[in-house]
Every structure is written in C-alpha cells, then in structure tokens.
Amino acid sequence: MRNLIISASILSADMGCLAKESSAVLQAGADSLHIDVMDNHFVPNLTFGPLVCEALHKHLPKTFLDVHLMVNPVDHLINAFAKAGADQIIFHPEASSDVLKNLKQIRHLGCKAGLAINPQTSLNCLNNLWDHLDFILMMSVNPGFAEQHFIPEVLNKISATKQLLSTHKPSIRLGVDGGIKKNNIREIAKMGADTFILGSGIFHTENYAFTLTELRSQLTL
Ligand code: DX5
Ligand code: ZN
C-alpha cells in the first residue's frame, strides 16, 4: 500500500501570517503545502504569484511545494514557479495549447508534472499522456475558491481514474482537491485516491494537530 499524503492548501491560511501558518500546519503533521495560483482569467479569483512560492521555499526549504496553476496561459508561469522552488507543477489541460509540451517543460525543469481534471472534464484528456505524468489532480469542486462542497459525482470519477492508472501507469499518484473534510476523506480514499488536498478542512479548525490526527485516523480505519 502506498503512503497517503495530506497536503495543506494555503488558500485558507491566515494571510497576515502566512509563514507562521505554513510552519504550524507542517509541524501539526501536514506532508506538504499546496499553492493555488489563480489569475482572475482562467478562474474568477486572484491569489499568489511566484514571489510567494519563493518566500515559502526560503522559509521552509525542505517542504514539498505543490503548485496548482489555475491560469491561462501556463508556459511562462511554469518557468517562473520552477525557479521559485516548486517541487510539483499542475495545470489544467484547457489552459494549454500544447499539453504534452507543457508536461515535458515541467519535468525538464526538474519538477514533477501533473494535470488537473475539472468535474466536467472528460478523462479522455489523459489518453497517451501516461508516460509524461507524475500526478493527476481530480477536482472535486469547480476551481476558484476554497470552502465549497465536495461534488459527490466525482467519487465515481476517482475510481474510474484509479482503474485507468492500474492499467496504464500505476506509479502516477492520484490526488483529490476541494471540499475534503474528516467526514468524507475515508470514502475518497476507498475510491483509490492517495493524496488529499485540504484548505478550510484544516485551516478553519481550532487545532491543526488534532484535525490532522483525526484525518489520519480516518485513513487507517
Ligand atoms: C480550489 C482549490 C483548492 C481549495 C481547497 O480552486 O484548488 O485547493 O483551496 O479548499 P477547500 O479544502 O476549502 O475546499
Ligand atoms: Zn488546488
């Protein structure tokens, strides 16, 4: 059984003390940080640029930084985030004019490459890309905002993706992003997900360590 990863989405952190919040959530047991990059064009919200990634990388050099690009176009920002210390870069196929080229670009820069699949996006977009992917990010909300409800129909899509991975490339990790809480993480894991991205489900709780312990206990039941 592969290791299960819980990644904290800093979108829900207290921005007034982002470094402190990031250290606290890692200390409390989160495995990595998820940086949601929004451009007010691909999605109707505006968040972090490479400067924030660079600052976090300097502050926490050993921390795995997972950059989720919700921007169009992606080409230039892939370079900028790789330079800023990203360990993994994920983009949406709809935002790229050449998905294979951008996946190769990410790996060439020394990062892990991922694709994000919106709730309405067909899994067909993964065809022929198996050898170029390290990660698939299944969106369980429409991208753009934290604190949305998990879309239940995505559960079947997670298990369908897991089956495709078993056939084509079992080494690719399968993450789920949006609306994950301690009352649904177990079901999501049962469908085959191995990486869980949580924003409000961690940062909007009183005690991060307690929350992370509870989340992990749901995964070991
Ligand atoms: C949504 C983002 C998610 C979001 C998760 O566009 O990609 O990463 O921050 O936040 P919660 O866990 O609150 O749904
Ligand atoms: Zn995200």
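Me: What geometry does the site of the zinc ion (ligand 2) have?

Reply: The site is octahedral, with angles of 69 to 169 degrees among 6 donor atoms. Donors are N, O and S atoms within 2.8 Å of the metal (3.2 Å for Na, K and Ca), water not being among the atoms. Six donors count as octahedral if opposite ones are over 155 degrees apart and all others between 65 and 115. This is a predicted model in which local features need pLDDT of at least 70 and side-chain atom pairs pLDDT 80 or more, while totals for chains, interfaces and linings use all residues. Residues are numbered from 1 along each chain, chains are lettered from A and ligands numbered from 1 as written, and side-chain values use heavy atoms without hydrogens or water.

Me: Which residues coordinate the zinc ion (ligand 2)?

Reply: His 34 through NE2, His 68 through ND1, and Asp 36 and Asp 177 through OD, at 2.0 to 2.3 Å. Along the chain the donor spacing is H-x1-D-x31-H-x108-D. Asp 36 sits in strand β2 (residues 32–38) and Asp 177 in strand β7 (residues 173–177), so this pair ties together parts 141 residues apart in sequence. Strands (E, at least two residues) and helices (H or I, at least four) are DSSP runs.

Me: Is Asp 36 buried or exposed? And Asp 177?

Reply: Asp 36 is buried, at 4% relative accessibility. Asp 177 is buried as well, at 8%. Buried means under 20% relative accessible area (1.4 Å probe, protein chains only).

Me: Switching to Thr 195. Where is it found?

Reply: Thr 195 is in strand β8 (residues 195–198). Its relative accessibility is 5%, so Thr 195 counts as buried.

Me: What is Thr 195 in contact with?

Reply: Beyond neighbours within four places in sequence, Thr 195 touches Ile 5, Phe 135, Arg 173, Leu 174, Gly 175 and Val 176. Contact means heavy atoms within 4.5 Å.

Me: Now the helices. At what angle do α3 and α4 cross?

Reply: Roughly 15 degrees, with the axes of α3 (residues 75–83) and α4 (residues 99–108) coming within 10 Å. That makes α3 roughly parallel to α4, the cut-off being under 35 degrees.

Me: Which residues meet there?

Reply: From α3, Asp 75, Ile 78 and Asn 79; from α4, Lys 101, Asn 102, Gln 105 and Ile 106.

Me: And which residues in α3 are buried?

Reply: Ile 78, Ala 80, Phe 81 and Ala 82 are buried. The buried residues of α3 pack against β2, α2 (50–59), β3 (64–70), β4 (88–91) and α4.

Me: What is α3 followed by?

Reply: Gly 85, with a positive phi near 105 degrees.

How values were computed:
Four donors count as tetrahedral if all angles lie between 85 and 135 degrees; four count as square planar and six as octahedral if opposite donors are over 155 degrees apart and all others between 65 and 115; anything else is irregular. Buried means under 20% relative accessible area, exposed over 50%, partly exposed in between (1.4 Å probe, protein chains only). Axes are lines fitted to C-alpha atoms, for helices over the stretch in contact, and angles run from 0 to 180 degrees between N-to-C directions. Angles under 35 degrees count as roughly parallel, over 145 as roughly antiparallel, 65 to 115 as roughly perpendicular and the rest as oblique.
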